[in-house]
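Please read these notes with the structure open beside you.

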Amino acid sequence: MTTAGGIVGEFFDLKRETDAELLAMQCGDFYEFFGEDAEMVADELDLKVSQKSSHGSSYPMAGVPVDDLTPYLTALVERGYRVAVADQYETSDGHAREITRVVTPGTLLETSDADAQYLGAVVSDEGQYGVAFADVTTGQFHVTECTGTDATDQLLTELYRFDPVELLPGPTLRNDDELLSDLRERTSATFTLHTTEAFAPGRARHRVREQFGDETLASVGVADDELGVCAAGAVLSYVEESGAGVLASMTRLQSHGSGEHVELDATTQRNLELTETMQGDRSGSLLDTIDHTVTSAGRRLLAEWLRRPRQSRGELEHRQSAVTALAEAAMARERVQETLEGAYDLERLASRAASGSANARDLRAAAETLALLPELVRLVEDTERLASSALADALDRPDREAARTLANELDEALVEEPPGTISQGGLIRQGYDDDLDEIITRHDEALSWIETLPQREKRTHGITHLSVDRNKTDGYYIQVGNSEVEKVPDSYDRVKSLKNSERFTISELEEREREILRLEEQRHELEGELFAELRERVADAAETVQAVGRALAEVDVFVSLATHAVRNDWTRPELHDDGRLDIESGRHPVVEQTTEFVPNDLRMDDERRFLIVTGPNMSGKSTYMRQAALITLLAQVGSFVPARRAAVGLVDGIYTRVGALDELAQGRSTFMVEMQELSNILHSATEDSLVILDEVGRGTATYDGISIAWAATEYLHNTVRSKTLFATHYHELTTLATHLDRVENVHVAADESGGDVTFLRTVRDGPTDRSYGVHVADLAGVPEPVVDRSQEVLDRLREENAIEAKGGDSEPVQAVFDLNSGQFKERTAGASEPVANGGSPAEEAEQETAGLGEAEARILDSLQGLNVDETPPVDLLQQVQQWQEELDGS
Ligand code: ADP
Ligand code: MG
């Protein structure tokens, strides 16, 4: 026996062995926490703290019963703690304890959450990154590399997409404070420092090869990705060291970034509210709106599809064929969905089987779920419309024979309703194992011998009040009423006297009792072994089990997409390989749910690639553009789309940027961020991308804003040539349409009669005549004098600062209309000087046309020589002030 002091000492010794924040150490029937751990755990989980004295000191102690550890662990880990678990085991001289696993957010198997739970590793090397993500609960494994000038943005996008719960930064990355803090900002993951050797290229490659095989490495195209392989190796090593025991379930290595998926950067995923709204709510997101899946695997897959739309027309038309067939075959669709309702999460199960944590109910559920596959196949084959669709292919992908064999095996082995624990027996059906049957038969015989014993004894000894019973302290006994005690034969041994009766035993009964106990023990042991074998078989078949799970999830998603399409009158989009986006009566998939939506058309093609969208505030510009992006995205998921008719040219990426002001309300964006993201788009978008710019340039003063918007438009039009929708309240920009070939104006119409604005929500060709901010202020109840005055001010500003565009296609000319001189002052857009402020005194206007004065020339010189990046803002301001003074003086 360990002394009390020893236990606390042992706890702290074990604690030193691990870098986990908490240690749960088994002491008999409890897992105990001591010292600070006890206080922390008690705090988090509302446990009682007691005191344990040891060597004259007293230590806080908190414990949970062995059987309850899992929910407590789960709660701690989901709060971001890493918890080491030390189990107690028997040795020849008493018992010993050892850390058997470390449960961390990324290696938690008993998660209470249906979402994917990714563990990630990031390796960096001179601005390039290798990234790996594994979900231990489903065996998903992804590897990718981020290279090129925007590698860091790609990395952040990956993090956003996988949203890991735990992240292992590689050795180099750990010293990069700046990036590290960026990463921390982007994810809520727990950061864990895994041993640096695990990241070493040689060791990592060896491990990855061992896990997935050389061929897989080559076929998914990561064989040469040094950094990706390092990250993958580190993840595998971490999972192994955690003791989760799930490596066997990691069967499928996937790589991306190979041009298969539509590029969706983190900002875009957020702006389009794919899986959560800008406020971080699930409800109101696209996923939440279109999700009619009935299994958690289905929901996970739908989320994955939304985050990773596809580029391949073949694949998308394939998916469309399944959705179309299901949309048309209403009855069959409902039956397929009903069938799926009984499905268990097979992907998760494969991991639990591999880790040895699956119980008999899990395996029973697995058998029943595997058996759904042939049922679905039959349903699909029986419905002509479905039989010829991609649905049949999805169901054909898993090894059906292997799945059936496994399902039968499990079904033959396990009773219909097994208990939730393994140690109590009662799991295995009769007829499955001869030895077990023998034990059970003998057990039953012994029991029935006991059952019939009272009858026999009553007859033999002529006793009427005699019964046989069993309790914990006495075991089996024969009970005889006091009135008949004298009839009891000598062979009866008295066990106990009660008030009205006596208890006896006889040697035959004792013998039977021993036999029963022995048989029960044998039975539990044998059932345990048989069950472990079964679980092993499931773990060995992890690949098949996962493939079936995947197929069922796919069918679930198809049914969900079809259901939503039918209920909301969506249409199957035509897919094209050119630059068109032709939408007739399109709607916004989320807004249409809650609003009487006014449908709108959109027409873009190779000649009409850039639309400037103008219209009053709140008229529907942002909605119109997001709708275009979401229709494109849904089309590239394989879904139907909210429109009467849609023809979508497939894109390689969707990029959106919402101007700072629109986001300021969220207290998030700064102008710097806005510009970084604009820069990212200008770098990353291609001719085949869809770009949505919403009020870009708004986060700064008017002239800056217009200039940036202007230049970005030119660049996107002339150089990037992406399909672009640009909403702007700078109606000055609408003049760009007259000299850039492929730029066209559209506006959201508003009816302005009687001084009120009615939003028609209808998009029409041509520019809006002006911005309606003042009218909105009026509508909002701003006092009349203020409204009137602001209209006056607005009119004046307009006249004074009007910007017009003139000139040819390649070299547009900006001109400032000067109210005082009554003339345009022209500048080519390429000139380095900024657009000067108007409203200058009349004599200055003369100088302007007659050439620069001495002061102006000097100022221009020093302006050109000024390095803005390296001059402190205060000095800049002083400089400006000085120029102003010089101008005033001249
Ligand atoms: P803007 O970007 O022009 O300021 P928004 O796109 O934010 O305007 O839309 C303003 C409001 O109008 C939103 O509440 C939106 O739900 C609603 N809305 C937008 N377009 C439509 C439409 N076509 N039909 C019905 N309501 C719409
Ligand atoms: Mg808007």
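1. Buried means under 20% relative accessible area, exposed means over 50%, and partly exposed lies in between (1.4 Å probe, protein chains only). Thr-187 is buried, at 9% relative accessible area. Thr-187 sits in the loop between helix 5 and strand 11 (190–191); helices (H or I, at least four residues) and strands (E, at least two) are DSSP runs, numbered from the N terminus. A polar atom of the Thr-187 side chain lies 2.6 Å from the backbone nitrogen of Ala-189.

2. This is a predicted model: local features need pLDDT of at least 70, side-chain atom pairs count only at pLDDT 80 or more, and totals for chains, interfaces and linings use all residues. Residues are numbered from 1 along each chain as its sequence is written, and side-chain values use heavy atoms, without hydrogens and water.

3. The structure holds 47 salt bridges (a side-chain nitrogen of Lys or Arg within 4 Å of a carboxyl oxygen of Asp or Glu). One of them joins Arg-300 and Asp-345, at 3.0 Å from N to O. This pair links distant parts of the chain, 45 residues apart: Arg-300 is in helix 11 (residues 296–307), and Asp-345 is in the loop between helix 13 (330–341) and helix 14 (346–355). Arg-300 and Asp-345 are buried.

4. Glu-533 forms a salt bridge with Arg-537, with the closest N and O atoms 3.9 Å apart. About one helical turn separates them, because they are 4 residues apart in helix 21 (residues 507–540). Glu-533 is partly exposed at 43%. Arg-537 is partly exposed at 29%.

5. A network of salt bridges links Glu-304, Arg-308, Arg-397, Arg-550 and Glu-554.

Technical notes
Chains are lettered from A and ligands numbered from 1 in the order in which they are written. A polar contact is a pair of N or O atoms within 3.5 Å; within protein, one must be able to donate a hydrogen and the other to accept it, and residues adjacent in sequence count only if both atoms are side-chain atoms.
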